[in-house]
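User: I'd like to learn how to read a structure like this one. Could you take me through it feature by feature?

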Amino acid sequence: MPEPVDLIVRGSHLVTMNAARDVIRDGAVAVRDRVIVAAGKAADVERDFTAFRTIGGDRFVVTPGMVNTHIHITGEPMTRGYVPDDTPFEENVFQWLCPLYATYDALDERTSGQLAAAEMLRSGTTTFLEAGTIRFLDDVVDGLHEIGIRARVGNWVWDLPPEPDVYRSTTDRAIGLLQQQLEALPSTPDTLVSAWSTLVGHTTCSDPLWRAAKALADEHGVGMSFHMSPAKIDVDGFTAEFGQRPMVHLDEIGVLDRNVAITHAVHVDDVEIGLLAARGVSVAHCPTTALKVSYGVTQIGKFPEMVQRGINVSIGTDGNNASNYSDLMRATYLVAGLFKDARMDPQMFPAETAYEMATLGGARTMLLDDQIGSLEAGKRADIVLHDADRPEWRPLLNVANQLVWSADGRGVHTVLVDGRIVVEDGHCTTIDEAKLWADAQQRGEAVTARSGLPDKAKWPTW
Ligand SMILES: [Zn+2]
């Protein structure tokens with residue numbers, strides 16, 4: 001007798017991302033109670049299981065949900081593109097981004113979080129690691145639960161100058177905020193949204209704050225994340241203060257570890273890469289930001305060396321003024337291409353490696369590798385159906401190449417997170433999308449007006 005399940009998902013190609021990287025033609029996934037109970041040939045799955053509902057079919061490529069390991073869901077989604085694209089890094093952060101973040105109120109942040117989540121879900125990302133720059137955490141988490149995405153989040157924590165007034169904090173208060181978020185939003189296998197020990201990073205943290213954040217991550221069994229070394233300014237800051245490069249100093253004070261995810265890591269030397277490899281640190285590579293903010297990733301970035309040394313590198317899309325979109329498929333395309341050109345070597349980041357980084361690499365970064373990142377029995381049902389009846393998908397002859405080089409998030413048709421259908425026929429099922437677009441427009445215009453920052457659009461608009 002076939003066993004009953006909630007749902008069967010069928011596709012012409014099932015991209016499992018299992019240990020053998022099996023791609024199963026005419027495949028199916030059976031889902032019960034939020035968990036995948038079988039993934040295999042459709043004929044076998046349908047012989048063994050009977051479902052209340054079957055979705056998908058011959059025109060769909062079925063993949064695991066992607067994992068975006070660095071994104072700012074507040075501050076930027078509703079001011080997307082307002083910051084001119086010709087501003088240097090420091091002007092970008094201190095003259096534009098910090099004042100814009102400071103202008104958001106709680107409802108602005110909730111709307112912004114939902115806008116970011118809608119963009120991610122509709123382009124096949126089912127899990128994300130937030131950058132630790134939320135000011136109204138409860139409101140944002142409420143919005144994320146409503147839309148139904150998996151996430152790890154945190155408050156804006158920063159205890160050293162130069163600190164914009166609205167974020168000014170003592171070390172004790174900063175540590176208190178981290179402790180509070182970890183207690184309020186504990187991680188359990190059934191929790192979609194929970195807290196990590198998140199710091200802004202760079203040169204914004206005292207040593208006591210670095211140490212406390214790591215200790216809190218360990219105590220709560222969660223990860224710790226922060227920005228470091230996108231530009232030379234962090235290297236210069238640490239060298240001036242400690243006579244050590246950032247990773248060397250962080251290692252000396254006990255921060256580098258397997259539960260740590262560092263974003264950017266563009267300006268790193270070989271000693272620092274050795275430390276990251278030895279300690280098992282994960283790195284979030286944000287190629288779209290590196291390009292737009294001129295980090296020099298193709299000239300001095302060492303991502304090929306990191307991967308060769310066994311460092312787990314995953315992919316992030318960062319803020320919407322440093323990349324302007326949150327479609328991880330577009331970022332994965334860049335990961336596959338940047339170093340092919342930079343090193344004049346087509347062996348750099350094959351499509352299969354880039355797609356692993358967007359799925360399994362992300363899962364490992366977020367300490368969720370036993371739960372997500374592949375379509376296998378026992379994992380959570382985070383599943384994406386790509387509609388192959390689109391010009392960029394036909395003819396479909398090599399699914400890994402098509403996923404990375406041809407397709408982007410616009411072809412995503414249906415998305416499940418934790419067994420729940422949250423996108424169907426390209427639209428979010430859990431929220432009123434038309435209202436979200438209207439709210440984002442109205443609040444985005446209000447935030448930019450309240451910020452007092454000038455409109456620098458160069459074309460006369462009237
Ligand atoms: Zn960032």
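Analyst: Let's go through confidence, the metal site, the pocket, the cysteines and some backbone details.

User: Before we start, what ground rules apply here?

Analyst: This is a predicted model, so local features need pLDDT of at least 70, side-chain atom pairs count only at pLDDT 80 or more, and totals for chains, interfaces and linings use all residues. Residues are numbered from 1 along each chain as its sequence is written, and side-chain values use heavy atoms, with hydrogens and water left out.

User: What is the mean pLDDT of the chain?

Analyst: The general idea is that pLDDT is the predictor's confidence in each residue, from 0 to 100. Where pLDDT is low, the predicted coordinates should not be read in detail. Here the chain averages 96, and 99% of its residues reach 70 or more. Helices (H or I, at least four residues) and strands (E, at least two) are DSSP runs, numbered from the N terminus. Among these elements, helix 2 (residues 89-103) has the lowest mean pLDDT, 88, while strand 14 (residues 383-387) has the highest, 99.

User: On to the metal. Which residues are the protein donors of the zinc ion?

Analyst: Donors are N, O and S atoms within 2.8 Å of the metal (3.2 Å for Na, K and Ca); water is not among the atoms, so sites may look incomplete. In this model the zinc ion has His70 (NE2), His72 (NE2), His227 (NE2) and Asp318 (OD) as protein donors, at 2.1 to 2.2 Å. Along the sequence their spacing reads H-x1-H-x154-H-x90-D. His70 in strand 5 (residues 66-71) and Asp318 in the loop between strand 13 (312-315) and helix 13 (328-342) are 248 residues apart, so this pair links distant parts of the chain.

User: Are His70 and Asp318 buried or exposed?

Analyst: Buried means under 20% relative accessible area, exposed over 50%, and partly exposed in between (1.4 Å probe, protein chains only). Both His70 and Asp318 are buried.

User: Why is the arrangement around the zinc ion called irregular?

Analyst: Four donors count as tetrahedral if all angles lie between 85 and 135 degrees; four count as square planar and six as octahedral if opposite donors are over 155 degrees apart and all others between 65 and 115; anything else is irregular. The four donor atoms around this zinc ion subtend angles of 87 to 174°, which makes the arrangement irregular.

User: What about the largest pocket: which residues lie nearest its centre?

Analyst: The search runs on a 1 Å grid over the protein atoms alone: a cavity is a set of points where a 1.4 Å probe fits but cannot get out, a pocket is an open set with protein on both sides within 12 Å along at least five of seven lines, and lining residues have an atom within 4 Å of a point. Grid points are joined across faces, edges and corners, and a volume is the space filled by probe spheres set on the points. The largest pocket holds about 460 Å³. Its lining has 29 residues, with Phe89, Val93, Val200, His202 and His227 nearest the centre. His227 is also one of the zinc donors. Helix 2 and helix 7 (232-242) each supply at least two lining residues, and helix 2 gives the most, with eight.

User: How many disulfides are there?

Analyst: A disulfide is a pair of cysteine sulfur atoms within 2.5 Å. By that rule the count is zero. Take Cys98: the closest cysteine sulfur, in Cys205, is 13 Å from its own, too far for a bond. Cys98 is buried, with a relative accessible area of 4%, and Cys428 is buried at 8%.

User: And the backbone: which peptide bond is cis?

Analyst: The bond from Arg394 to Pro395 is cis, with omega near -5°. Pro395 sits in the loop between strand 14 and helix 15 (399-406).

User: Where are Ser294 and Phe349 found, and what is the phi of each?

Analyst: Ser294 has phi near 60°, a positive value in a residue other than glycine. Ser294 lies in the loop between helix 10 (287-292) and helix 11 (297-300) and is exposed at 61%. Phe349, also not a glycine, has a positive phi of about 45°. Phe349 is in the loop between helix 13 and helix 14 (351-365), but is buried at 6%.
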